[in-house]
Amino acid sequence: MKYLKWNEDTEMTIAAKLSQYLNDQSVDYHLVQHPHTRTSRESAHAAHVREDQVAKAIMLQDNDGYVMVVIPASSSLDMRAVHMETGRNGLEMVAENELGSIFPDCELGALPPIGQAYGITTLLDSSLSHQETIYFEAGDHEELVEMDGPQFTKLFISSHTADLSKDWP
């Protein structure tokens, strides 16, 4: 595994808004390169990290706007729990082809789970707040951001945290 510290001289493809947000929050992080993948679960395997340590973003929308839900790559979204937490029963998955306009600095399918950087209401699955180390998509399909779990959780201080996922069937 190759660890690289992001700085202005490094030619990495971390999403610009994500990079700016993390720097503004004074969060320490590293980029972990891995072979090209299509999903967060594949990224976990390619980077040799546990799936439950990889935070993945799921974008939902209704007439009131967007909501990002952040859950472990090892789990699936519990829509009932999301509806109960938000009180928004019309939330549906955002079509992947719509994500490009919301995340113009990211490759489709490689959304960073830091909706706050994009002005999106974000919910965090409570299981992620107990991890010592968290990994998540950097905005492309070949790098993960690695950061200290408590620092990751601190980024969500103004977000709701709840049990929003369930184990894969």
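The structure is a predicted model, in which local features need pLDDT of at least 70 and side-chain atom pairs count only at pLDDT 80 or more, while totals for chains, interfaces and linings use all residues. Residues are numbered from 1 along each chain as its sequence is written, and side-chain values use heavy atoms, with hydrogens and water left out.

The largest pocket has a volume of about 460 Å³. A pocket is an open set of points on a 1 Å grid over the protein atoms alone, where a 1.4 Å probe fits, with protein on both sides within 12 Å along at least five of seven lines; grid points are joined across faces, edges and corners, and the volume is the space filled by probe spheres set on the points. Lining residues, which have an atom within 4 Å of a point, number 18 for the largest pocket, and Lys56, Ala57, Ile58, Met93 and Gly109 are the closest to its centre. By class, the lining comprises 10 nonpolar, three polar and five charged residues, where Ala, Val, Leu, Ile, Met, Phe, Trp, Tyr, Cys and Pro count as nonpolar, Asp, Glu, Lys and Arg as charged, and the others, Gly among them, as polar. Helix H2 (40–47) and strand S3 (54–62) each supply at least two residues of this lining, and S3 gives the most, with four residues. Helices (H or I, at least four residues) and strands (E, at least two) are DSSP runs numbered from the N terminus.

Met93, in strand S6 (residues 92–93), is exposed, with a relative accessible area of 55%; the class limits are under 20% for buried and over 50% for exposed, with partly exposed in between (1.4 Å probe, protein chains only). Leaving aside neighbours within four places in sequence, Met93 is in contact (heavy atoms within 4.5 Å) with Ile58, Met59 and Leu60. The C-alpha atoms of Met93 and Met68 are separated by 9.8 Å, the two residues being 25 residues apart along the chain.

Asp62 is placed in strand S3 and counts as buried because its relative accessibility is 18%. Its side chain reaches the backbone nitrogen of Asp64 at 2.8 Å. Not counting residues up to four places away in sequence, Asp62 touches Arg88, Gly90 and Leu91.

Three aromatic pairs are present in the structure. Rings of Phe, Tyr and Trp (its six-membered ring) pair if their centres lie within 6.5 Å, and planes under 30 degrees apart count as stacked, over 60 as edge-to-face and the rest as tilted. Phe136 and Phe152 form a tilted pair, with 5.7 Å centre to centre and 40° between the planes. This pair links distant parts of the chain, 16 residues apart, with Phe136 in strand S8 (residues 133–137) and Phe152 in helix H5 (residues 149–154). Both Phe136 and Phe152 are buried, and together with Phe156 they form one aromatic cluster.

How values were computed:
Polar contact = N/O pair within 3.5 Å; in protein donor to acceptor, adjacent residues only side chain to side chain.
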